[in-house]
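This report describes how a protein model is divided and how its chains meet. The sequence and structure are shown first.

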Number of protein chains: 4
Amino acid sequence: MERFNRSFDFDWRLYGADIQGSVAYAKALARAGIITAEERDLLIEGLSRVRAEFECGTFQPAPGDEDIHTGVERRLQELIGPVAGKLHTGRSRNDQVVTDIRLYLMEHLDRLDGLLTDLQEAIVEQAEAHLDLLMPGYTHLQRAQPVRFSHWLLSTFWMFQRDWERLRDARHRMAVCPLGSGALAGHSLGIDREFLARELGFRAISENSIDGVSDRDFILEVLSGGAILGIHLSRLAEDLILYASAEFGFVELSEAYSTGSSLMPQKKNPDSAELMRGKAGRLVGNLVSLLVTAKGLPSAYDKDLQEDKEPLFDTLNTLELMLPVAAEMIRTLRVHPDRMRAALEDSMLATDLADYLVRKGIPFRQAHHLVGQVVRYGIEEGKALRDLSLAEWQRFSPLFEADVADVLDFERSVEQKDSPGGTARSAVEAQIARARELMAS
Amino acid sequence: MERFNRSFDFDWRLYGADIQGSVAYAKALARAGIITAEERDLLIEGLSRVRAEFECGTFQPAPGDEDIHTGVERRLQELIGPVAGKLHTGRSRNDQVVTDIRLYLMEHLDRLDGLLTDLQEAIVEQAEAHLDLLMPGYTHLQRAQPVRFSHWLLSTFWMFQRDWERLRDARHRMAVCPLGSGALAGHSLGIDREFLARELGFRAISENSIDGVSDRDFILEVLSGGAILGIHLSRLAEDLILYASAEFGFVELSEAYSTGSSLMPQKKNPDSAELMRGKAGRLVGNLVSLLVTAKGLPSAYDKDLQEDKEPLFDTLNTLELMLPVAAEMIRTLRVHPDRMRAALEDSMLATDLADYLVRKGIPFRQAHHLVGQVVRYGIEEGKALRDLSLAEWQRFSPLFEADVADVLDFERSVEQKDSPGGTARSAVEAQIARARELMAS
Amino acid sequence: MERFNRSFDFDWRLYGADIQGSVAYAKALARAGIITAEERDLLIEGLSRVRAEFECGTFQPAPGDEDIHTGVERRLQELIGPVAGKLHTGRSRNDQVVTDIRLYLMEHLDRLDGLLTDLQEAIVEQAEAHLDLLMPGYTHLQRAQPVRFSHWLLSTFWMFQRDWERLRDARHRMAVCPLGSGALAGHSLGIDREFLARELGFRAISENSIDGVSDRDFILEVLSGGAILGIHLSRLAEDLILYASAEFGFVELSEAYSTGSSLMPQKKNPDSAELMRGKAGRLVGNLVSLLVTAKGLPSAYDKDLQEDKEPLFDTLNTLELMLPVAAEMIRTLRVHPDRMRAALEDSMLATDLADYLVRKGIPFRQAHHLVGQVVRYGIEEGKALRDLSLAEWQRFSPLFEADVADVLDFERSVEQKDSPGGTARSAVEAQIARARELMAS
Amino acid sequence: MERFNRSFDFDWRLYGADIQGSVAYAKALARAGIITAEERDLLIEGLSRVRAEFECGTFQPAPGDEDIHTGVERRLQELIGPVAGKLHTGRSRNDQVVTDIRLYLMEHLDRLDGLLTDLQEAIVEQAEAHLDLLMPGYTHLQRAQPVRFSHWLLSTFWMFQRDWERLRDARHRMAVCPLGSGALAGHSLGIDREFLARELGFRAISENSIDGVSDRDFILEVLSGGAILGIHLSRLAEDLILYASAEFGFVELSEAYSTGSSLMPQKKNPDSAELMRGKAGRLVGNLVSLLVTAKGLPSAYDKDLQEDKEPLFDTLNTLELMLPVAAEMIRTLRVHPDRMRAALEDSMLATDLADYLVRKGIPFRQAHHLVGQVVRYGIEEGKALRDLSLAEWQRFSPLFEADVADVLDFERSVEQKDSPGGTARSAVEAQIARARELMAS
């Protein structure tokens, strides 16, 4: 039962946040006249000694330390004596623990912020390095239209940009201080909650003490943001795994991010990408885990909420492992321009041919239909479109003229997609400029 | 297979958004010189006729209408002839469908916004109506400290406030126009994407055409916000079910929101609250559904994404049903002040007694311990705390003086929790003022 | 609220089961002497008239029909008068509804049984039709070792075999009759529960009336089996989508199971396979939905349990749509032997070379290492293994002799994997025989 | 990246299974003439030394030990030299790892089997100890009909019985040996797979080598069984938390399974039950985690599958912690017969009154309606049913006679529910006998 109940084994991670919260609380107690300035200083000094023990790895948990809060308080008592007993005045573990998690999480979100930006930086760098590389763009995993490699790569930039914004929003929403909510009803000792909030870097105080000890939305929101980010990483990974296969052959992961086989040296298993794809599972699982735990709970604090920490810690750890791997995987990616180019086929220009007819005044649906006939003819005759004679073209429509040959050019096709967000060089350059602007801000 | 592939049966809901998007697109085509002003007007008029058919329920789907887009286009063709074939110039179903869902969803989020506010309004009204009602506050479903009924009720206001903010953030993030992304590579016809965005009420255009057709984050974000909102409703429902039980007896749901039994008329099953608790399941299920679908997909458009709509529609329908029921359930709630008052026990004032000692200079931990002894003594002697003599109090500490009797007062206990967010009348009034301010803005 | 509470709109599907249950119940009432034989016959006749109305589509729901049970009872009353009021004697909606779902589900599981077997039949047929076709076997989506196409295809047979067994186990476990549990406490009218069970095709009666009305495990078990089956279909679909891409080119889906594009006729989007992959999402979502709903409920019947039906109906509908599509997709699959053969590379025989050395007495790890060196040498020299001279081989080990050439044979490699479950022709034939045996039983 | 890729930190748990598998494999290699009897003995002896190091905690992982398999092989090599390199002949990590997990899991399922039975034993013991205790049975958390406490308690026995059966089925299905599947294509060295299966306690061999290395159904099935078991525990926990509240007051958890508060000694927080309810979350989360990971994977082995272990280990650990706590919580539960009895109300006998009229020939629906009027009358007059005069009864129906008083008896009501599965003493005794029979078999 003790093992069942005990959370110290995982919640010790909160020690920094717990001590930070207690230092601020000691100051607030002194301001409210509940302890003296000397007591405050003694408490603060004792707390920094406890922190130092954690940081040096010398903190010795005692059997009775059921969680980080009792562990820190017990040790503080040993170090500074009975005055330690004043630190809990008007504070409950209920408001303490939720303050700790918020502080811990705000710090980790700042870390994720940097890791996301670094991944985005890697994407932009690779995009810049291969601006003129064309490849097939796919829909339904079928070759559809030619695109720039950099355009494909940058498409992932915007996924991560939304992740970044979502996690920033979550951080903003969580920066609300519940300390001073007591067990559930508030406190009666005149402690200045606004002071506590400022001292701990929160932007506001919570507005209702029952909600203050009960609310775990901020964790759910991060777990949800983490799950969506995991889905994004899984999609990027899927593309990389495909493109790194012998059949596609567009890219090659560097040795550091793949496992060679000493038996089959040609084999480079994209392990890092596969794990990145696979770990989407645990990120979704962690989200579901807390949603299920929270479902149907009565208000205020219930012990069930102790189950909020492990999924959170796992999601943070997982993301802090995945993002740097993703960034380096991108950064060290080798590309095979020849294989990409070889995968371009004339039929991928069918839309361009339809646009050619549209410009000559035919309704799109009809143009679409005509070009379809030409392409089918080519397939039946076993000829690439560029090998059809003008006469053959004109069999389908007199609007096909000599200049149809100009259309059969992958570069040209790509360059015509020059509206914002398109795959033309100018549009991609504008996209990169916009991306750099966002990263800088 | 046709049935397997066909989405018309559920995506017809998008007709309004689809036609709205097409009207704007017709205007953009004319601005780009691709169609004439007459053709534009003809298209727009035809589209409004199709819309009218949907609104009057006279639209007749044809067997070949595999989705709403082909249905509308087919009907438009019947109504206005071949010029209908020009509407798709440079547009693909890939960018069309995702534009439609965004438009549809933005409208529904505005509706949810109103429904949430109405629920919050009901909460605030009930809180105002029962400002002086005391009840036990619970932690671990054990009686902990007295709180105002209105304070408990308002604790749910803040959950819904966060939901509201989360959905507003999601709406902001989704208000980005992907139209003009083409199949995946952008378009080449000089259509003004900024114009399209303005015309359709978007705040910006999407920055990358591949991401434009591939991104379903905005749906995931709403499904996630919906799941969290569902968890909130399940927690409120759990409290109501408990409080409406014979054992608690604090509240009674109105007839309209419970099912009596003609056999046991005293029995009022809180069906509406139970369904509200139960429906958290489908809201979480819908989120998981799309996370799983999106996991591991390659970039750009894959047919799998057709599976994005049903969970979204179900989440929106469910919330649009649940929120008004929740609001009316709160609004029509009857309370039983006597039962609440009867559930208050002296031992719920133990923290107040400890604070009494703390104010006399004893460290909290020690005060806490002393009061514990008194309470235990009371239990053993079978006496309520208010029935102990001063001598008995002083057996535990000489600091207990005659004024200890003043502490044994539920009103006083509640009134002392007067810091912001606490359960004192003044704090609750301030809370209500803040709530009204937020609703007004 | 009425709309919120009402389940008729989806639970009308249970009409057949509901009426079947009522017919059996009428017989049991007569056997217990609670109604006369005439009343029984009248009830049974009335019930068949109600059933006929459902089957002919002439049943008219009334506004007060909140669920299928009240709908049937109301109509029965209209048809046969007050004796209808006797049908509910000793029966509660709580035991009635759960009996209905079990009956409904048992019937649908029998249908799924047949659909799974038909899919397996399609797999075996295709495997038999292409016994001599070799293709690369992949791990990590990298070419690993040559395998028979039929061996790959049969690997999916065994997934579906486990699904079949799992759903059969679930069916066995659910074939327990809860009728006679009353509202929750049992009944007091001497109705013979064993008779009811036999009459309705159950193998046993439930052992505890509270559990009888509360248990939804049998639905969870089917939703779980459905989710796992969905994952299997998603994996098969992923392989098909890959193999149907231009880059792999191993297979082609028939027109009926892909969408051509009139513009790009070479493009055959594998829509059916994509939807099959995507629908794994809703199957997992449905499972999660009911797990969340059931979590933390008190025992016996709670209205939350009304939420059990829609995920169940959706999972059954989805599977009943997916399985025939999967079977036909397999049955009509066209294969490209040349593309498969062209994808085989000498380096995929590296393990065979190591085994060659092992047979000459070298420890496997060392053999493995030696062959690795040869393969790397081949890559550096730009030579296929079959183009190395004996001298070159012997540079790495004198144990390589002229017969090493025999090893460089894909057929031989495959034929050597002749232990049970391996990819040799004999092993695959044995596998097919075993598969046919299982399907027959 | 190394940290990202490495699984040793969690998969070391498999050491016992890994070594067991290798010992059997060494025997099989010798039988196939690939190694000598001496080499076999040397390998086996070396492997037991490695196992001993794990068991004594002296095994030193090396930096290169990326997983348990390489760790064991590396250490074996150090202990017995190059012959260790022969152990991997014809075996791949792909078939090795999946064999290991099956062995590990079969052992843990046997442990869970015992833990479940012990929980069931505790339930039956408590049921036997309180056979004559009546309490309100609830539906919708409203008092419905009187039931025996033991009947309520036993209702949980059957949930756990189904869990037990489900996990037994899963164990049966998983007892299939994949060893000999090689990397994916089978092996070519004449190793006797049937021998391996027998040696390791499997009931059969896998039928297809690609499926053999790819199949993780057996884990999904256990995670699903674990999630359903978690839901069951959450429901039992919910009842206990309710019944232990001051408002219900039916039961009291022993000190060991609740947390007292030194401040409020009357407060006994049911922490163990709350955690039991909360941990349903992680059990569902673990299931979802692997479903998501597996979704959309291509066939055979992909590195993503490394993510199968942590959710499995967590589910097993969690259940192995929860079940003994649940058993002891039940075993040490104190009951308050007076509080249960006090919660019984006459109106809970309404169904019995209706049955009384039915026995006098009135259709149930009409009887139901009549009794409803009486109960409503009692409420309006403020009288318990037992306080109504015969004249008052007869105002509603002349069929009410003096013997109606006999019906107003909770014991009698309970005793009349004497059909199988009902709450009468005889039926409960039969239920216990059946439960004991199942536990014994």
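## Basis and domains

Domain bounds here come from an automatic or database domain assignment. Chain A is divided into three parts: domain 1 (2–89), domain 2 (94–140 + 147–342) and domain 3 (346–429). Taken over C-alpha atoms, the centres of domain 1 of chain A and domain 3 of chain A lie 73 Å apart.

This is a predicted model, in which local features need pLDDT of at least 70 and side-chain atom pairs count only at pLDDT 80 or more, while totals for chains, interfaces and linings use all residues. Residues are numbered from 1 along each chain as its sequence is written, chains are lettered from A and ligands numbered from 1 in the order in which they are written, and side-chain values use heavy atoms, with hydrogens and water left out.

## Extent of the interface

In chain A, 94 residues are in contact (heavy atoms within 4.5 Å) with 94 residues of chain B. Together the two chains bury about 7,700 Å², of which 55% is on carbon and sulfur atoms; buried area is the accessible area (1.4 Å probe) that two parts lose on being put together, summed over both. Arg173(A), Glu207(A) and Arg235(A) supply 9% of the area that chain A buries against chain B, more than any other three residues.

## Charged pairs

The interface of chain A and chain B holds 16 salt bridges, each a side-chain nitrogen of Lys or Arg within 4 Å of a carboxyl oxygen of Asp or Glu. One of them joins Arg166(B) to Glu221(A), with the closest N and O atoms 2.8 Å apart.
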